[in-house]
Amino acid sequence: MFSHGHVAMRRLLIGMAAYFILAASTILLTSNGRSHATVWPADAIILALLLGSSTRAWPSFLFAGYLANFLANLVTRGWSDGLVFYGIINMSQTWLAATLIRKMGAHENLLEDAKSTLRFIGFAGVLAPAMGAAAGSLVSLINFGESFGPSFVRWFASNSLGLLVVTPFAMALFDGNYLAEFRAKPLAGRMVSLGLLAIHGATCAIIFIETTLPLLFLPMSTLLALSFRCGRAGAMAGVVVVALFGGIAAFRGTGPIALTHDEAFTQALVFQCYLAVILCTALPLTATVAARAQALVLLAQRDEAIRLIMDSSSNAVLGFDSSGTCRWAAGQLEDYLDLRPDQLRNLKLEDLAPHLNADLQAVLGSPPANLRDVKHVEFVPSGRPMLTLEASVGRWEQAGAWGFVVTIRDISMRKLREAAISRMAETDDLTGVLNRKGFKARINEAFRSGRRPLTLALIDVDHFKSVNDNFGHSVGDVFLQEVAVRLQAHSDSPQIVGRFGGDEFAILFEVGIAEARKACEAMVAAIGARPVVNERGIRLNASISCGIAELDPSMSRGQLFEAADSALYAVKRSGRNGVGEAGGLRAIS
């Protein structure tokens, strides 16, 4: 493993060597030794190193670049006084581009999106090369007598294209992104990428070698294929290949560029314009492809997160299109509908009917008409009577299409809690039987249901006030609790027992008056058969008086209570401890 210092030194030496080789090759292949090169990619090496390192390392990289620039010009052009200034100008424009790009926060990924791409083009492709072109053309004018105007255009175009074409490519090489992306691909993907790059290189070689047909459009097709298949890395590598073959051909006067004009300067300018068009096509395209790739990654991550959430959630979700076909499904569907999510996909509502509750089928058959409406339905799934589910149905619309989403959740615990709360609200705290509210609710329910026959019994505990007066309310409470237990235990008839308050009880029998009378007589006998004993050993005898009345079709609920109450008072007047019915009386001795 290299230490940080070793890595920095290695990058410095690699950058210096790469700069020298690129600069010398470019001068030899695309310049006559006096004019500026057609494309100048060497500065992009230093710019890539600056953008990929801290500003403390910049002086070392800039000095290395200056030294490599001086040596390349010395070897290829020979000595002249102006050679000292070329390196200063090149490193100055490189430093300016790096400073501006870093200040705008666009140095980490030059082509990440449209905004980063525009900043990169503006700083590295326009502003910095323009400054360098002005100074460099002035030196060329003084040193070689080159005309300032054409020299400015050539310098600006060559440096601009060199920085724009090579900088992202060089950054990916130095950072190891090219190698990482290549290794991350499966073998088939690697072979496809290498094959496309080879086809693109062969196409460029053929196009720029022959000088009979103007086929400059062909490299664009292979470049697009590289961009879409390999993303940013493939696009920038493809542009570098075009620049390499095209620059050599432009200087040698071969290829389609030679068909445009006889003058070398014009041919060079045409090639620079051609390369600029290629670059202006590739840069936005790579930004778009990169944004698309990132969006797909984020979408895949979101889908995976949603899947994990749904797998661990107690909910289930179904998505239907407007034809009623299930397009996606997730969650605990097998627990609710006896079908796995993969079995539900592409099924129509009519195919799902055997697995759906009738109420749910009705809601799904008429989903909400607008986005803000949500329909809810509670149901018990077939074969799972202990479950209570709630389905929420909402509408979705997108790009002219519509459908609906069904969310199913288990509300069994909620329903149990609601039932428990309801029972507490309707239960007498002391005796555990229904209170007045709960008892009247049961009578109302019986009236609405039309169940017949019904017999009502109203019961008072005899002489209960004396129990409280003589022994206290704690004894009285035990007395009432024991009475309630015996009222519920000594009857074979279906009954509902309630306490109205104090010593008043009521029983609703779902039998006729004859059976109800037998049940009440058994209760009167059971309560009087043995004394009530509390925890202190106090023994008290108990008795009850009971009045019963059977519901007549012509009776209202109030009339039924009045009839039973009249029968109860008749028992009390005759000596208590007995059962009386509307129209008759029997006492228990």
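The questions and answers below concern a predicted model.

Me: How many helices and strands are there in the protein chain?
Reply: The predicted chain has 589 residues, of which 46% count as buried. Its secondary structure comprises 20 helices and 13 strands.

Me: Are H2 and H3 roughly parallel or roughly antiparallel to each other?
Reply: Helix H2 spans residues 42–51 and helix H3 spans residues 58–77, and their axes lie 10 Å apart at an angle of about 175°. Angles over 145 degrees count as roughly antiparallel. H2 and H3 are therefore roughly antiparallel.

Me: How many nonpolar, polar and charged residues make up the contact of H2 with H3?
Reply: From H2, the contact involves Ile46, Leu49 and Leu50, which meet Trp58, Phe61, Leu62 and Gly65 of H3. Gly is counted among the polar residues. The division is 6 nonpolar, 1 polar and no charged.

Me: Which element gives the most residues to the largest nonpolar core?
Reply: The largest nonpolar core has 54 residues, and Tyr19, Ala124 and Leu275 touch the most other members. The greatest contribution to this core, 9 residues, comes from H2.

Me: Which residues does leucine 275 contact, leaving aside its neighbours within four places in sequence?
Reply: Leucine 275 is one of the residues that touch the most other members of the largest nonpolar core. Beyond its sequence neighbours within four places, its contacts are Val39, Leu161, Val165, Val239, Val242 and Ala243.

Me: Is threonine 388 buried or exposed?
Reply: Threonine 388 sits in the loop between strand E3 (374–379) and strand E4 (389–398). Leaving aside neighbours within four places in sequence, its contacts include Phe379, Arg409, Asp410 and Lys415. The cut-off for a buried residue is under 20% relative accessible area. With a value of 17%, threonine 388 is buried.

Me: What phi does arginine 576 have?
Reply: Most residues other than glycine have a negative phi. Arginine 576 lies in the loop between helix H20 (557–573) and strand E12 (578–581), and asparagine 577 of that loop has a positive phi of about 55°. Arginine 576 is partly exposed at 28% relative accessibility. Although not a glycine, arginine 576 has a positive phi of about 70°.

Definitions and conventions: Residues are numbered from 1 along each chain as its sequence is written. This is a predicted model: local features need pLDDT of at least 70, side-chain atom pairs count only at pLDDT 80 or more; totals for chains, interfaces and linings use all residues. Side-chain values use heavy atoms; hydrogens and water are left out. Axes are lines fitted to C-alpha atoms, for helices over the stretch in contact, and angles run from 0 to 180 degrees between N-to-C directions. Helices (H or I, at least four residues) and strands (E, at least two) are DSSP runs, numbered from the N terminus. Angles under 35 degrees count as roughly parallel, over 145 as roughly antiparallel, 65 to 115 as roughly perpendicular and the rest as oblique. Contact means heavy atoms within 4.5 Å. Buried means under 20% relative accessible area, exposed over 50%, partly exposed in between (1.4 Å probe, protein chains only). A nonpolar core is a set of buried Ala, Val, Leu, Ile, Met, Phe, Trp, Tyr and Cys residues joined through side-chain atoms within 4.5 Å.
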